[in-house]
Amino acid sequence: MQTDPAICPSNVRFIPSPNFDERPPGCEINLLVIHNISLPPDEFGGDGVIDLFTNRIEPDTHPYYRSICGLKVSAHFFIRRNGETIQFVPCEKRAWHAGESCWQGRSRCNDYSIGIELEGSDSVPFTDIQYAALAVLTRALQQRYPIVEIAGHSDVAPGRKTDPGPCFDWGRYRALLSDR
């Protein structure tokens, strides 16, 4: 499987994750869920996220990895701090990014959403190029799918998750989406 050029900008790299399954029959993709992640926590630029999403985390590489070794998680996309975008799961498949979740009274957000992870944390501002890459990707996805809502992981899993966090500038992101 590879990225679909009709959906994704040409600079998206595909690294397949085994952590996905089929969406429910007839399920319409209409929600984007924005996340943040860094592995090890608050460290950027390494392969920790790739290793997590491809089930290659080595527990002895970093003390934190012992607590997440064996997790089966993924996202559709990961946007690094330099703007590089990696796709792990085809959009037509269900990635395992939101966990126990609910949006506007509808549970199981993974069924009908696309998950986008930004390399970052709750305490570090995101980069200009990340916002630009996120806007380009969002517009491409909106052209292909009937996406009517965009939410943070904290919105679909309140009390359980905090990302994309207080450093994510929703106003800036929405302004980029409206600039065409």
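**Note on the predicted model: rings, pocket and backbone**

1. Arg-106 lies over the face of Tyr-112, at 3.6 Å from the ring centre. A charge is taken to sit over a ring if NZ of Lys or CZ of Arg is within 6 Å of the ring centre and within 35 degrees of the ring normal. The charged end of Arg-81 is likewise placed over a ring, that of Phe-44, 4.4 Å from its centre.

2. On the basis of these values: this is a predicted model, in which local features need pLDDT of at least 70 and side-chain atom pairs count only at pLDDT 80 or more, while totals for chains, interfaces and linings use all residues. Residues are numbered from 1 along each chain as its sequence is written, and side-chain values use heavy atoms, with hydrogens and water left out.

3. Aromatic pairs come next. A search of the whole structure gives seven of them, where rings of Phe, Tyr and Trp (its six-membered ring) pair if their centres lie within 6.5 Å, and planes under 30 degrees apart count as stacked, over 60 as edge-to-face and the rest as tilted. The pair of Phe-126 and Tyr-131 is edge-to-face, because the ring centres are 6.5 Å apart and the planes stand at 85°. Ring pairs also join Phe-126 and Tyr-131 with Phe-168, Trp-170 and Tyr-173 in a cluster. Phe-126 counts as buried at 7% relative accessibility, and Tyr-131 is buried with a relative accessible area of 3%; here buried means under 20% relative accessible area, exposed over 50%, and partly exposed in between (1.4 Å probe, protein chains only).

4. The largest pocket has a volume of about 610 Å³. Of the 27 residues that line this pocket, Asn-36, Ile-37, Tyr-64, His-153 and Lys-161 are the closest to its centre. The search runs on a 1 Å grid over the protein atoms alone: a cavity is a set of points where a 1.4 Å probe fits but cannot get out, whereas a pocket is an open set with protein on both sides within 12 Å along at least five of seven lines, and lining residues have an atom within 4 Å of a point. Grid points are joined across faces, edges and corners, and the volume is the space filled by probe spheres set on the points.

5. Which elements give two or more residues to the lining of the largest pocket? They are β3 (31–37) and α1 (48–53), and the largest share, three residues, comes from β3. Helices (H or I, at least four residues) and strands (E, at least two) are DSSP runs, numbered from the N terminus. By residue class the lining divides into eleven nonpolar, ten polar and six charged residues, with Ala, Val, Leu, Ile, Met, Phe, Trp, Tyr, Cys and Pro counted as nonpolar, Asp, Glu, Lys and Arg as charged, and the others, Gly among them, as polar.

6. Phe-53 belongs to helix α1 and counts as buried at 1% relative accessibility. Leaving aside neighbours within four places in sequence, the contacts of Phe-53 include Ser-17, Ile-37, Val-73, Phe-88 and Glu-117, contact meaning heavy atoms within 4.5 Å. Lys-72 is 19 residues from Phe-53 along the chain, and their C-alpha atoms are separated by 7.3 Å.

7. Several backbone features deserve a look, since most residues other than glycine have a negative phi, and most peptide bonds are trans. The bond from Leu-39 to Pro-40 is cis, with omega near -10°, and Pro-40 lies in the loop between β3 and α1. Another cis peptide bond joins Asp-163 and Pro-164, with omega about 15°; Pro-164 is in the loop between α4 (153–156) and α5 (170–178). Asp-42, in the loop between β3 and α1, has a positive phi near 65° and is partly exposed at 49%. Gln-104, in the loop between β7 (102–103) and β8 (106–107), has a positive phi near 50° and is exposed, with a relative accessible area of 62%.

8. Glu-28 and Ile-147 are 119 residues apart in sequence and 8.9 Å apart in space, C-alpha to C-alpha. Not counting residues up to four places away in sequence, Glu-28 is in contact with Tyr-112 and Pro-146, while the residues that Ile-147 touches include Ile-29, Leu-32 and Leu-141.
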